[in-house]
Amino acid sequence: MDKKQNRITLETNSGEKKYIHNFSIDGCPLFSERLEEHLVAVSRGESPSTGRFCGFCFTPTGPESEVCAHCQSDFRLSKKTVEIVPLVITEILREQRKIEARFVNGFAYLGVLLAVLGGLAVVLGIPYLRDHLIPATIVYALILLVGVRIFAGVLGGYFGDNIGYSRARKKTVQSWEELKIAMRENLHG
Ligand SMILES: [Zn+2]
């Protein structure tokens, strides 16, 4: 049960490529595709949590690599590699997924509501249907059937996904900035 919960909150149905694209825009190296894959695999129990990771962006890296393929940190200079991804990074990803899911679901529910109310308006707005219960029920059922799929799909899958992603990304960037400050303080303190 617990493991399943992790899986739901870590995985996404939106395009993973967005993350790489964002790195160049907002300067936050979380999350590389490989790091996401690693965290999801660990949460499923399919992969050991330890390995070799970039000390800056925590992207998994080969045993011989000297430069991070994702953020280009040079492991021989300032950024050393680490053996495990800090728990806080998993938490940031989980929070990101949670925000995304909240928006996708919220907008999907709004779509359902629109189909329910819209269908009602159509049935009540046509005098013939208003007076004939069985045809009205059939028409209403058809509107619900098609409307729910379309409205929930478009609102949740498109608007919810996009708005949720940008909100979630903002939160991730903010968490990353806080983390950088915390790591700096750790170094000096
Ligand atoms: Zn890196």
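Student: In this predicted model, which residues does Val85 touch, not counting residues up to four places away in sequence?
Tutor: Two residues count as touching when their C-beta atoms, placed from the backbone, lie within 7 Å. With residues up to four places away in sequence left out, the contacts of Val85 are Leu39, Phe53, Phe58 and Thr90.

Student: Which element gives the most residues to the largest nonpolar core?
Tutor: The largest nonpolar core has 14 residues, and Val85 is among those that touch the most other members, together with Cys54, Cys57, Phe58, Ile89 and Leu93. At least two residues of this core come from each of α3 (33-44), β1 (50-54) and α4 (87-125). The element that gives the most, with 3 residues, is α4.

Student: How many residues does the other core have, the one that lies apart from it?
Tutor: In general, nonpolar side chains tend to be buried together in soluble globular proteins. Here a further core lies apart from the largest one, with Phe103, Val104, Phe107 and Phe151 among its members. The number of residues in this other core is 8.

Student: Within what arc do the buried residues of α3 fall, seen down the axis of the helix?
Tutor: The helix α3 has 12 residues and reaches 17 Å from its first C-alpha to its last, close to the 16 Å expected at 1.5 Å a residue. Its buried residues are Leu35, His38, Leu39 and Ser43. Seen down the axis of α3, these buried residues line one face of the helix, because they fall within an arc of 130°.

Notes
Residues numbered from 1 in each chain as written. Predicted model: local features only at pLDDT ≥ 70, side-chain atom pairs only at ≥ 80, totals over all residues. Core = buried A, V, L, I, M, F, W, Y, C linked by C-beta atoms within 7 Å. Buried ≥ 20, exposed ≤ 12 C-beta atoms within 10 Å, placed from the backbone. Helix = DSSP H or I, 4+ residues; strand = E, 2+ residues; numbered from the N terminus. Expected span 1.5 Å × (residues − 1). Arc of directions from axis to C-beta.
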